[in-house]
Amino acid sequence: MADIMLRPDLKTAGGEICDIVYNGEFVGTLTLVYRESDRLKGSIHLEQQSITIVDKQKVYDFVQSYIQNVIDALSIEECEVLVSYSEYDFVIATDHALQPTMIEEDSHSYTRHEHDDEVDYEWVRDETRFDDIDSENALDKMDMIQERKNQQGYELVIVGESRNRVDYHVYDKDSELIAEITLHMYGTDVIGDITWRFDPFDEEMDRVSELIVEDFNEDETDSFIFNMIYNGETVDTIELTHIDLLDLVDDMEEETMLPTPEDYTINLARDDGDTLTYEIYQQSHGGLPIGTATVDISSRQLTGFIDFREPGDSDDRELIATLLLEELDKEKEYETFNVSMLYRNKLIDEIWFETDQYH
């Protein structure tokens, strides 16, 4: 019989982080943040290279039983745990780190990494198993998603050009070919095919379309029609008129503007002693909050998460985390602060703060 255990790494009154050990080997991490008689949120991450698909279900069953015990012990009413089975992008550690990006600002230093390869599971309380939503299809997509990089890293390269035709290749930030493009110009109209190496997401198709539009003179072009092709089939068609192009240019200009602290307001909405809840507002979004932050301050190692209504980009999230830290400075002395960021129940970003700067 397999030997499965949870090895506590960090435990506070409002949360815990445990190493998942299978047959004496580290295979993943369990992270939970909870509030008694209220909510529990967290994540399970298994290392793809450390455990097989067959064995991972045994681990899921074991960890599910553990989480059920936590729910029963604390009378939790609402539970949500995200599950991923993949390789780590990198690991941040005190003694050594794999490809960290360190940023210094004021008296705080922090490290960030984004999550591109998570897979959601829905766990229904009092049932005896994880009910994964279309898990077979989700797992099939994981390897593909794992290879996709930040959209902003795409590069458009001309590989052929004639009087009324131009051919492009699109590369990601690792110089991997992700799409081939053939366009024909008919007067002021541009029509062509974009052939993908994988089944593209909407955001990926939009980003490549933007790159093509940027490469043409807007005064000489009235419309674009792009056929998105994968595996020999047209999966989508994007049509842009001159008005659409003007709106697109405006959107791209807005995206290049860096956020400023004056754009955001963070208000303390609830104080439950060891747990603080903040509402986050953005001027351009009117009177409704764009996110809610929940922070456990029961120890000097603060932990928390932010639920976003809109994901924004990494610069926005980075600034929001810094502003939240300024609010926490008013409430509690601390040594570290780890904040996880969620959008539609998916972990999209994570930032770690420490009071001492790295040199």
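Colleague: How many bridges join β12 to β13, and which way do the two run?

Modeller: Strand β12, residues 223-230, is joined to β13 by 7 bridges, and the two run antiparallel; strands here are DSSP runs of E of at least two residues, helices are runs of H or I of at least four residues, and both are numbered from the N terminus. Within that pairing, tyrosine 230 has glutamate 233 in β13 as its bridge partner. Please keep in mind that this is a predicted model, in which local features need pLDDT of at least 70 and side-chain atom pairs count only at pLDDT 80 or more, while totals for chains, interfaces and linings use all residues. Residues are numbered from 1 along each chain as its sequence is written, and side-chain values use heavy atoms, with hydrogens and water left out.

Colleague: What sheet do those strands belong to?

Modeller: They belong to an open sheet of 6 strands in the order β8-β9-β10-β11-β12-β13, with mixed pairing, where two strands pair if DSSP finds at least two bridges between them. The edge strands, each pairing on one side only, are β8 (155-161) and β13 (233-240).

Colleague: Changing topic, which residues touch the most other members of the largest nonpolar core?

Modeller: That core has 27 residues, and Ile306, Leu324, Leu328, Phe337, Val339 and Met341 touch the most other members. A nonpolar core here is a set of buried Ala, Val, Leu, Ile, Met, Phe, Trp, Tyr and Cys residues joined through side-chain atoms within 4.5 Å, with buried meaning under 20% relative accessible area, exposed over 50% and partly exposed in between, for a 1.4 Å probe and protein chains only.

Colleague: Which element gives the most to this core?

Modeller: Helix α5 does, with 7 residues. There is also a second, separate core of 25 residues, which includes Ile20, Tyr22, Leu32 and Ile44.

Colleague: And aspartate 307, buried or exposed?

Modeller: Aspartate 307, which lies in strand β17, counts as buried because its relative accessibility is 18%. Its side chain makes a polar contact with the side chain of lysine 41 at 3.1 Å; such a contact is a pair of N or O atoms within 3.5 Å, and within protein one must be able to donate a hydrogen and the other to accept it, while residues adjacent in sequence count only if both atoms are side-chain atoms.

Colleague: Where is phenylalanine 198 found?

Modeller: Phenylalanine 198 sits in the loop between β11 (189-196) and α3 (202-214), and it is buried, with a relative accessible area of 12%.
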